[in-house]
Amino acid sequence: MAGLLTRKDKKQISQWIGRDSQFKLLYKVSRDGMSYQRFHELCDNKGPTVTIFYNTDNNMYGGYLSDSWGSTGSWCTDLTAFLFKLHSAGNWIPVMFPYTRGETHFKAGNHGPWFHSLASCSNDVLKKTEGGFYQLFSEYDFFDGQSFDMKGETAQSVANGHNNVTDLEVYLVKDDEHESPWRDSPDWSSQTFQELKEFVANYEPLEEMKISEVNILLIGQVGAGKSSFLNTINSIFKGGISSRACTGSAESSLTKSFEKFRVRDPSTKKYLRFWICDTRGVEEGLSIKSDDLGFILDGNLPNHYTFNPVEKASTKTPGFVKEPTVKDRIHVVVFVLDGSTLDVLSEGVVSKLKDIKNLVVDRGVPQLAFLTKMDKICETVNKDVSKMFTSSAVEDTVNKTADIIAIPRSHVLPVKNYEKETQLKTDINILALTALRQALMFADDFLENQYELEQENSQTLNTRD
């Protein structure tokens, strides 16, 4: 059972702690029961933790300890401990209440998580009331400010004066950065960048298939950065920030049509041997229709086809290709997902992505996922993109994406599009070109399969003759 703490909550608590942190759920009342014995089994001697109370009035508050919980039966002092609130009546109003003086927490084997001024339970097993909540301790000292600076807040302003909770969670707090990379990390050097750039610049589709370019289709949620990825690749070869495709923020997709883009290498004045194909963003209600997507995958729809929110494409659509060849088809599909919003992806969007995945699989087209906006989920990456593969937050997001799209984790590639930058950066270039190289290699895999299929069909016809 997943925890209720959101990415936004975690980022705020990390800022209060003073370092990028990861949060691992140790104990959850709705899963493990309101039992002090179970709490100590799961949380004692683990290291720093954050405890979250969710009360019946949509208030969310808690406390942080750098000290471990234990069962010594003594009051303790943690100079870095603090209490906090995150939500008041469902509204995001984060306030941290720092330590001031005295004892901060009680380590007792017959108590649950117990801060000075914020307690939980002292019964072995506390049952839910008929109202569906747990009535936790709040008879006295409840947010009274004895050990923490309440900054003018009271139990009433933080928790509506009561500690009746629907859930309580304890998370282990870990440093975000791994000592060693969780995935083989590139050498973040100019040489690596040049090698990747040369690979892409010199790429040619499988010779036997006799096609001039491969087609890479980008599919993803609204605002994920499909068009921005194209602009990033174009910027790399242009040598400066460019904006071929329309980008920005909007409630609905900025891409209204099926658009195919080529990238030109100014050093040779030749176009590179691939098309990057952009589509309407996946969203609730107005998403690209399955029939339209099927026609795109099969090579039936022409470049610049405008998506109709009411009517699907048909054989009567102007420019419709009735007998597409291999060169018209999509050779690799890339799901572009905003890594900072995975936790709040609607069920409708997830369902649509899975439907799209099924269409792609049915046609034998390889799939990848590009994860964007990793700098928004990890401050370490925001400061230094080369820390991408030592970030626990990025690793967790890669794993979640692999589960959503149902592809191997090695097929999920974190990228950083140019967005706030005004100058090109080697580490951003390396990530983008690494992802593009993988897409080109997967496109060749598709062509290899098509070539073998053609050879088999040819042999079958010759045998019949």
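This is a quick walk through a few local features of one model.

Okay, so first, this is a predicted model, where local features need pLDDT of at least 70, side-chain atom pairs count only at pLDDT 80 or more, and totals for chains, interfaces and linings use all residues. Residues are numbered from 1 along each chain as its sequence is written, and side-chain values use heavy atoms, with hydrogens and water left out.

Let's start at helix 1, residues 7-17. Helices here are DSSP runs of H or I with at least four residues, strands are E runs of at least two, and both are numbered from the N terminus. Arg7, Asp9, Gln12, Ile13, Ser14, Trp16 and Ile17 are buried in that helix; buried means under 20% relative accessible area, exposed over 50%, and partly exposed in between, with a 1.4 Å probe and protein chains only.

Now, which residues other than glycine have a positive phi? Lysine 210 does, near 55°, and so does alanine 406, near 65°. Lysine 210 sits in the loop between helix 5 (190-202) and strand 12 (214-220), and it counts as exposed because its relative accessibility is 76%. Alanine 406 is in the loop between helix 10 (392-405) and strand 19 (412-414). With a relative accessible area of 54%, alanine 406 is exposed too.

Last stop, glutamate 452, in helix 11, residues 426-464. Buried or partly exposed? Its relative accessibility is 42%, so glutamate 452 counts as partly exposed.

That's my tour, thanks.
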